[in-house]
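Trainee: I have a structure open and would like to learn how to read it. Could you walk me through it?
Mentor: Gladly; let us look together.

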Amino acid sequence: MKFNILKLSCCIGLCFMVAYAGSTFTPVSGSEWYYLILHKPSWNPPDWLFPPVWSLLFLLMGIALSFVVELWGEKKEVKGSLIVFGVQLLLNLCWSATFFGLHSPLLAFVVIVLLWLAIVLTIVKFRAVLPIAGYLLIPYLLWVSFASYLNFTIWQLN
């Protein structure tokens, strides 16, 4: 398989554009904002942990995406894989919009369940194209699994 730095950069850039769009819904440090008044479980990670974790996950998503894009025209499964990837990326953004923007842990929980399912499908589709592309998304699935439980718990506590 050939390696194209421009495609890699574009794929990573696309993922980080979605990450940036989602971040516009999150609170500004020190603000009196609804997230700060939500009841959270004692095992809620510290706020400083989320940016580096999500940065790593979006980087891995971009790399996985570039592996699949590189095989455009060589494997028939690429187009379907890219559609599913786009859906999960949109659901990722929708989660931030519903949880932080709409202040709705319940609606966000519905979205994150759909996101989890879309990530599983993306992993399956990416693995059919190139196994490493699917494996790169496993940390994302694990984090969203944890985030789903956290979201559910926050909804229950509030």
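Trainee: Which residues does His 39 touch, not counting residues up to four places away in sequence?
Mentor: First, a word on the model: it is predicted, so local features need pLDDT of at least 70 and side-chain atom pairs count only at pLDDT 80 or more, while totals for chains, interfaces and linings use all residues. Residues are numbered from 1 along each chain as its sequence is written, and side-chain values use heavy atoms, with hydrogens and water left out. Contact means heavy atoms within 4.5 Å. By that rule, His 39 touches Ile 154, Leu 157 and Asn 158. His 39 sits in the loop between α2 and α3; helices here are DSSP runs (H or I, at least four residues), as strands are (E, at least two), numbered from the N terminus. His 39 and Leu 157 are 118 residues apart in sequence, yet their C-alpha atoms are 5.9 Å apart in space.

Trainee: How do I read a nonpolar core, and which residues touch the most other members here?
Mentor: In soluble globular proteins, nonpolar side chains tend to be buried together. A nonpolar core is a set of buried Ala, Val, Leu, Ile, Met, Phe, Trp, Tyr and Cys residues joined through side-chain atoms within 4.5 Å. Buried means under 20% relative accessible area, exposed over 50%, and partly exposed in between (1.4 Å probe, protein chains only). The largest core has 44 residues, and Met 61, Phe 99, Phe 126 and Tyr 140 touch the most other members. Two or more residues come from each of α1 (5-23), α2 (34-37), α3 (50-70), α4 (78-101), α5 (105-129) and α7 (138-157). The largest share, ten residues, is from α3.

Trainee: Is Gln 88 buried or exposed?
Mentor: Gln 88 counts as buried because its relative accessibility is 1%. Gln 88 lies in helix α4, and its contacts beyond four places in sequence include Met 61, Leu 115, Ile 119 and Tyr 140. Tyr 140, for its part, is in contact with Trp 54, Leu 57 and Asn 92, among others.

Trainee: What is the volume of the largest pocket?
Mentor: Rolling a probe the size of a water molecule over the atoms shows where empty space is left. On a 1 Å grid over the protein atoms alone, a pocket is an open set of points where a 1.4 Å probe fits, with protein on both sides within 12 Å along at least five of seven lines; lining residues have an atom within 4 Å of a point. Points are joined across faces, edges and corners, and the volume is the space filled by probe spheres set on them. Here the volume is about 910 Å³. Of the 34 lining residues, Thr 26, Phe 50, Pro 51, Trp 54 and Phe 100 are the closest to the centre. The largest share of the lining, seven residues, comes from α7.

Trainee: How many disulfides does a search of the whole structure find?
Mentor: A disulfide is a covalent bond between the sulfur atoms of two cysteines. The search takes a pair of cysteine sulfur atoms within 2.5 Å, and it finds zero disulfides. The sulfur of Cys 10 is too far for a bond, because the closest cysteine sulfur, in Cys 11, is 7.0 Å away. Cys 94 is in no disulfide either, with the nearest cysteine sulfur, that of Cys 15, 15 Å away.
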